[in-house]
Every structure is written in C-alpha cells, then in structure tokens.
Amino acid sequence: MDFFVLMLAIPLVSGALLTVVGERDWAPNLNIVASLGTFLAAAGLTAEIVASGPRFAFGEQFFIDSLNVFFVALTAFVGLTTSIFSGPYMRNEQEHGRLTKPRLRLYKSMYQLFMFTMLAALTTNNLGILWVAMEAATLTTVLLVSLYRTPASLEAAWKYFILCGVGIAQALFGTILLYFAAERVLGATGNALLWTHLVDVKSQLEPTIMALSFIFLLVGYGTKVGLAPLHNWLPDAHAEGPTPVSAVLSGLLLNVALYAILRCKVLADGALPAGFAGNLMIGFGLFTLLVAAFFLSRQKDVKRMFAYSSIEHMGLITFAFGMGGPVANFAGLLHMTMHSLTKSAIFFAVGHATQKTGTQLMENIRGLIRINPLIGWGLMLGTLAILGMPPFGVFASEFMILTHAMKHFPWATPILLLALGVAFASIFGKVQPMVFGETTAKRLPHAPAITPVFLHLAIVLMLGLYIPPYLTRWFHEAARMLG
C-alpha cells in the first residue's frame, strides 16, 4: 500500500479505535504500535521523496516535497517517542488519582487524531485544507489540555481555544484574500488555493491584496506559533496539561504553524517588493524573543518556564526565516529540528521529575540526581543543549543565525545577544538547584521511560558534531525552496 495513505490512515483509524477500546490495559501498547506504524510509513515516504522527487496524492490536493517531508519525518519521530514516554507517565498519573480510565481513553484517541491533523496540515497542497487541519488540531489539543478537569486546566484550555480561535479566524480571512488574488489570475477553476499552482503565478498576484493577506496569515498562524503579543495561551496550556501534551505542543504544533507561514511567505516574496514579508517576520521574531527572555526570569513553575523557552526559540527561528537567504533558511530549519528534539526531551525529564516530587514549583524540586540520576542528568543535559552550549546542535544553528545577522542585519545582533544572555542566566540559574541538592522525594510506582530523553539528546549531540551528507543535502534543498 502507498506509504502516504498508510501514514494518514494509521493515526486516523487508531484514533477511532481507541475511542472504543482506550480503557483496556493493552491500549497504551496500541497507542505505541500505531505511532510506530505512522513513523515507519513516514520513513518510507521520506525515502521515496528523496529517491524520486516530489509527488502528488489524491489528485492535486496533497503534495509532498523536500520541504514538508522533512517536517513529516520529524513529526512522526517525536510522535513515536512521546507515545513511548506517555505509557508509564499516564499510568503514574492514574496511580496518583489524577486521571480516570475514561480520561485516559480520551487522551489516547485525541493523541492519534492530533497526529493525523498535523500530518494532514503538513502534506496538503490546498491552503484551505491546511486551515481546516490547523483548526482540527486546535480542537483536539483543547481536549488534551483540559484532561485533568481542574479549574486551572479548564481555564487554560478555554484561553487556548479563544486565543487560537481568534488567530485561526485571522488566518481564514488571509486565506480568503489569497483566493481573491489568485482567482483573478487562475480563474474559477478550483486551483486558486493549490500551492503548486499559486507558486507558478506568484509574480502576477495583486500586491495590495497579497500584502493584506500575508499580514492576516502571519498574525493568524503566528498565534499558533506563539509569537508575541499573541503568545499568552502557550504557558498556561503547557503548565496545566499533561506533560506529553506539552512535548507535542512544543515539538510539533509550533513547527507546523510556522511551516504554514513559510509556505505563504514564498508566495508573498514573489508578489511583493523584496523584504516586505521578511521584515514583518524579523520584527515579530525579535519582539517575541525579547518578551520571552525577560518573562523567563519571573517563572516559578518549571513547565511554564520551558514554555516561555519555546516561545523564545520560535521567535529566534522566525527571525532567521525573516532574514531569508540560503544560510539563514538552512539555520532556521536546523534550529527547528534541534528545538523539537531537545524541548521534547526536556519535557520528558520534567514530567517524571514533577511526578516524583509531586509539584511543578521549582523551589520544591531538588536533588533530582539523587532520586534518579538518569532523570537528573537528562534534565541537566537537555537544559545545556537548549541554552546553546557546544557541542550540541542548538549551538550550531544559533551560531549560524548570529553570524548571518552580524553580516546582514548588524543592528539586530545586540538584541539577539541580550535576549539569549538573559534566557541563559534565567534558565540555568533555576535548573541547577533542581538537579543538585537534598531531597525527600519518593520512588514512582511505575518506572519512568528514560530512553526517549537520551535518544533525542544523542541525535542533537550528533548533529552538533556531524551532519550526515544526505541530511545536509536535504536541508539545502528545503532552504532553496524557501528562496
């Protein structure tokens, strides 16, 4: 069977199946098996695209090329490791009385449906279907964020739904404007929202309409990315939802929303004067980076702190893509990969740490290295990696972004260094006493899944020391497609 069809069918069918059998004792294993099947199908699709080039599916409604197949592989991999991590984590939550079997069934089914919406958003050629998939992702994650049904989690889910609903509405208006501009050129043939048709005529699209369209699309999808000042939903959703949800929000959803912006930027760059779309992204990126960096120093909840860290890094990535050019685009793609792998590993470690200590307040989490050395070292190494310490891959991507900014946007360099310095001091100063020190925490009833933590960090370390030639070619091809 076709790898693409399998990749979409497995999470969709397994999500429907888990709504029925999700309370069974073997349901967590089904969740892992389904995620493994999705990953293998994504790996097969990736090999096919690398070997044979871009392809369509379901007529022209879906399109897979070197840019989105990279995100597909990353999404499927993080989805698999998160499902492995969530098995013992959710069992411990059930033992502590925080979750019931019906809620665990809801979690597993919504997790698979969330993966389906992410993969559909990444592979669709139709910008209308892209919008629908992003809206569906919002609905599934609202249910995941509110899983604990506490007043705080319900408030966080409601804030997430309202803010992202407003953002998605802005993106819808931007999509309508884009269709309006495209129909004048392509006619009423049904192709006016197909990206592959739009990119062929991007220079003929009405500039004024395209400028308005891109602004609405950037603000709309930027809300899902977590760009300031529309980022307020993200820290609450991370803090109040289950930790596996935090991992996929940071590692997957933010990337997919930014991918949507990048596809639209390619069209805007062809229709508008040079620098219009890029300058908007540079402005949003720098503002987001500064806001997140200074909010980091005020955080007391460990998951909120790393949520602001995600906002900071998405600001940096947005800035990189705003600069444009082969080097900045390459660095942005590399940083997206490093951030997804590193931040999800951090949330895996944080999830087990908060379960062991019974709190998310950093002042009450101490001596992780004595409770469980693997969790302690996992959190410490993950923190060093996300802060850009060599030889981890985040250092390589941040170094490329900084050096490119020094050459082409020297005025932005002090802002970048200030924000990165404040973020480093804030996070490291809070994590160091969490890992080392005295503690009275007890062992967990179910052994934590540590393998995903070190698997992610090993990949990040390897990519900091050596990027395989085929992966380099992949990044170069994707960067070239972005302009």
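User: Which residues lie nearest the centre of the largest pocket?

Analyst: Ala73, Ile459, Tyr470, Leu471 and Trp474 do, within a lining of 16 residues. The model is predicted: local features need pLDDT of at least 70, side-chain atom pairs count only at pLDDT 80 or more, and totals for chains, interfaces and linings use all residues. Residues are numbered from 1 along each chain as its sequence is written, and side-chain values use heavy atoms, with hydrogens and water left out.

User: What makes a space a pocket, and a residue part of its lining?

Analyst: On a 1 Å grid over the protein atoms alone, a pocket is an open set with protein on both sides within 12 Å along at least five of seven lines; lining residues have an atom within 4 Å of a point. The largest pocket holds about 400 Å³ of space. That volume is the space filled by probe spheres set on the points, which are joined across faces, edges and corners.

User: Which elements give two or more residues to the lining of the largest pocket?

Analyst: They are helix H2 (27-52), helix H3 (66-95), helix H13 (325-357), helix H18 (451-465) and helix H19 (469-481). H3 gives the largest share of that lining, four residues. Helices (H or I, at least four residues) and strands (E, at least two) are DSSP runs, numbered from the N terminus.

User: Why are H3 and H18 called roughly antiparallel?

Analyst: Their axes are 9 Å apart and pack at an angle of about 150°. Angles over 145 degrees count as roughly antiparallel (under 35 is roughly parallel, 65 to 115 roughly perpendicular, the rest oblique). H3 and H18 are therefore roughly antiparallel. The axes are lines fitted to C-alpha atoms, for helices over the stretch in contact, and the angles run from 0 to 180 degrees between N-to-C directions.

User: Where do H3 and H18 meet?

Analyst: Phe77, Val78, Thr81, Ile84 and Phe85 of H3 meet Pro452, Leu455, His456 and Ile459 of H18. Contact means heavy atoms within 4.5 Å. This contact of H3 with H18 has seven nonpolar, two polar and no charged residues.

User: Why do H12 and H13 get their label as a pair?

Analyst: The axes of helix H12 (residues 302-323) and H13 cross at roughly 170° and come within 8 Å. H12 and H13 are therefore roughly antiparallel too. Their contact divides into 15 nonpolar, nine polar and two charged residues.

User: Why is Gly332 called buried?

Analyst: Its relative accessible area is 0%. Buried means under 20%, exposed over 50%, and partly exposed in between (1.4 Å probe, protein chains only). So Gly332 is buried. Gly332 sits in H13. Leaving out residues up to four places away in sequence, Gly332 touches Ile317, Ala320 and Phe321. The C-alpha atoms of Gly332 and Phe321 are separated by 6.0 Å, although the two residues are 11 apart along the chain.

User: How do you know whether Ser153 and Ala292 are buried or exposed?

Analyst: Ser153 has 0% relative accessibility, so it counts as buried. Ser153 lies in helix H6 (residues 151-186). Beyond four places in sequence, Ser153 touches Val145, Ser146, Tyr148 and Glu240. Ala292 has 1% relative accessibility, so Ala292 is buried as well. Ala292 belongs to helix H11 (residues 276-296). Leaving aside neighbours within four places, Ala292 is in contact with Tyr308, Ile311 and Glu312.

User: Why is Phe58 labelled as it is, and why Arg149?

Analyst: Phe58 is exposed because its relative accessible area is 54%. Arg149 is at 35%, so Arg149 counts as partly exposed. Phe58 lies in the loop between strand E1 (55-57) and strand E2 (62-64). Arg149 is in the loop between helix H5 (127-145) and H6.

User: Where are cis peptide bonds found?

Analyst: One joins Ala228 and Pro229, with omega about 5°. Pro229 lies in the loop between helix H8 (207-225) and helix H9 (233-240). Another joins Pro390 and Pro391, with omega about 10°. Pro391 is in the loop between helix H15 (373-386) and helix H16 (393-408).

Definitions and conventions:
1 Å grid on protein atoms, 1.4 Å probe; cavity = no way out; pocket = protein on both sides within 12 Å on 5 of 7 lines; lining within 4 Å. Nonpolar A, V, L, I, M, F, W, Y, C, P; charged D, E, K, R; others polar.
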